[in-house]
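Visitor: Could you walk me through this model? I'd like to start with the charged pairs and then turn to the helices.

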Amino acid sequence: MTPIEVKTYQLPPVKLSEVLRYAACRETSEDVTALAQWAAAESAPVVQGRVCWREMEVQVTGDTVCLEGTVWTSHKLAQRLSGCGKAVVFAATVGLALDRLIVRYGHLSPAKGLMLQALGAERVETLCDIFNEEMQTRYGSMQPRFSPGYGDLPLTAQRDLFKLLECPRRIGLFLNESLLMSPTKSVTAIIGIGGTPCAMEGCQVCGKQDCTFRRDGT
């Protein structure tokens, strides 16, 4: 098994359109846009992108996926990793300080708390996108990331990923008995290396057409 790698990332400027999407703001106004801009400025000093990851051998047999002794049964994950001899498993977080900011402003102003929640979602997704791009540069063709709780991969797979990545020690990311992560603005996922290019990703893969966060045109 390869060593665990850890890296701190400098995140690019906030995408306000994504923050507003996560805040379920289908129609914007000057006041709403100003609130999103406030959330971006207020959170900037405390957001820190941290990722830990490792490369692992993958074996797929039917709906069974084996990562060097860690075994899951998931038809959708098996499809995603079919033809991949290896995968990258990773955990990403933008830190506990943002959670504290969300709680603080949530008590003072629900609107500010909501916008900071949306800002956190945009920040951690941006962090994952940057990490994906870095891995693609390193390995070449890669599959879209796949997380526990997505499709038919049970959320209990989180426990396995946390063990594989030593998340508490490496990046200060914890998992409670209810399988909730702390800091909350965090992601764990598997990315297949190689395999058949996936024609769809993100909202295109999901059949839930009435999702509040669905991107337009998908």
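Predicted model: local features only at pLDDT ≥ 70, side-chain atom pairs only at ≥ 80, totals over all residues.

Visitor: OK, how many salt bridges does the structure hold?

Guide: There are 9 salt bridges, each being a side-chain nitrogen of Lys or Arg within 4 Å of a carboxyl oxygen of Asp or Glu.

Visitor: Which residue does Glu134 pair with?

Guide: Glu134 bridges to Lys7, with the closest N and O atoms 2.8 Å apart. The pair links distant parts of the chain, since Glu134 lies in helix H5 (residues 110-139) and Lys7 in strand S1 (residues 5-9), 127 residues apart. Helices (H or I, at least four residues) and strands (E, at least two) are DSSP runs, numbered from the N terminus.

Visitor: And Arg21 and Glu18, buried or exposed?

Guide: Both Arg21 and Glu18 are buried, where buried means under 20% relative accessible area, exposed over 50% and partly exposed in between, with a 1.4 Å probe and protein chains only. Their closest N and O atoms are 3.0 Å apart, and because they are 3 residues apart in helix H1 (residues 16-22), about one helical turn separates them.

Visitor: Switching topic, which residues of H6 are buried?

Guide: In helix H6 (residues 157-165) the buried residues are Ala157, Gln158, Leu161, Phe162, Leu164 and Leu165. They cover an arc of only 165° around the axis, which puts them on the same side of H6; the arc is that of the directions from the helix axis to the C-beta atoms.

Visitor: What comes after H6?

Guide: Glu166 follows H6, and its phi is positive, near 50°. Glu166 also forms a salt bridge with Arg170, the closest N and O atoms being 3.0 Å apart.

Visitor: Last one: at what angle do H2 and H4 pack?

Guide: Helix H2 (residues 30-43) and helix H4 (residues 96-108) pack at about 130°, with their axes 11 Å apart; axes are lines fitted to C-alpha atoms, for helices over the stretch in contact, and angles run from 0 to 180 degrees between N-to-C directions. H2 and H4 are therefore oblique to each other, given that angles under 35 degrees count as roughly parallel, over 145 as roughly antiparallel, 65 to 115 as roughly perpendicular and the rest as oblique.

Methods. Residues numbered from 1 in each chain as written. Heavy atoms only, no water.
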